[in-house]
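Thank you for letting me take a few minutes of the meeting.

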Amino acid sequence: ITTAYLSDRKTYIIVLCCNAVDITEKFIRNLYAYTDPQDFHVLFVDNGSTDETPRLLADIAKRNQNVSIDTLSHNSGVIGGRNRGFAVYESLETKPDYLLFLDNDQFVQDGWFSQHHDVMEQGGYDVVGVEGWLLGRSFFPVKKCSRPTEAFSYVGCGGMLIRKKVTDAIGLFDEKFNPCYFEDPDMCFRCLAKGFKIGWNCKAKIIHLAHQ
């Protein structure tokens with residue numbers, strides 16, 4: 001896959017972080033080791049960190065032209081923070097056609113970028129996630145899916161790749177669910193109601209240290 005081909009998949013990556021500077025530092029190392037800088041712009045939303053995270057992000061932004069930082073004075077919650085990043089994306093005069101949410105405890109591996117986009121293109125999907133979840137009758141998640149043949153109800157926000165036309169049509173996460181949880185099935189249901197197609201990349205080259 002050539003760089004010219006990948007650059008057609010220019011992606012705006014939003015990363016939410018709050019403290020845990022060592023984890024964020026590892027996330028950044030992996031992102032730049034395994035992703036061509038021409039293929040993405042990354043926005044770090046610092047959700048009120050009180051450790052060395054602001055200094056780390058300022059240093060990264062100083063050394064890389066494809067980095068932006070949005071620093072919040074307090075923790076606005078997972079949903080509030082992601083929506084804040086989305087608002088920055090929406091304010092851009094020229095927006096990339098793809099939006100991607102990564103958590104700072106999701107460490108990308110070699111080939112992850114092209115593989116994730118390939119799943120979207122080959123499946124004709126509008127949204128692709130790296131974690132497929134099954135909901136029970138009470139609409140609570142009852143199972144994290146592990147086999148490609150398993151039915152899933154929705155895909156989680158962390159690692160969610162979204163086409164611009166989706167957010168143009170339905171917006172992003174409903175903040176009535178803030179600070180966290182249930183915003184991702186809600187969004188997936190709204191996508192399906194509008195006729196968008198959702199895929200699960202069950203072999204995503206992303207290692208997740210959940211809830212770090």
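Predicted model: local features only at pLDDT ≥ 70, side-chain atom pairs only at ≥ 80, totals over all residues.

Strand β6, which covers residues 127-129, pairs with β10 in the antiparallel sense over two bridges, where strands are DSSP runs of E with at least two residues, numbered from the N terminus, and two strands pair if DSSP finds at least two bridges between them. Within this pairing, Val 127 has Ile 162 of β10 as its bridge partner.

Residues are numbered from 1 along each chain as its sequence is written, and side-chain values use heavy atoms, with hydrogens and water left out.

Strand β10 also pairs with strand β4, residues 98-103, again in the antiparallel sense, over four bridges, and here Tyr 98 has Arg 163 of β10 as its bridge partner.

How are the two faces of β10 covered, and by which residues? In β10, residues 160-163, Met 160 and Ile 162 lie on one side and Leu 161 and Arg 163 on the other, and all of them are buried, meaning under 20% relative accessible area with a 1.4 Å probe and protein chains only, whereas exposed is over 50% and partly exposed is in between. In a regular strand the side chains alternate between the two faces of the sheet.

Finally, Trp 133 is found in strand β7, residues 132-135, and is partly exposed, because its relative accessible area is 24%.
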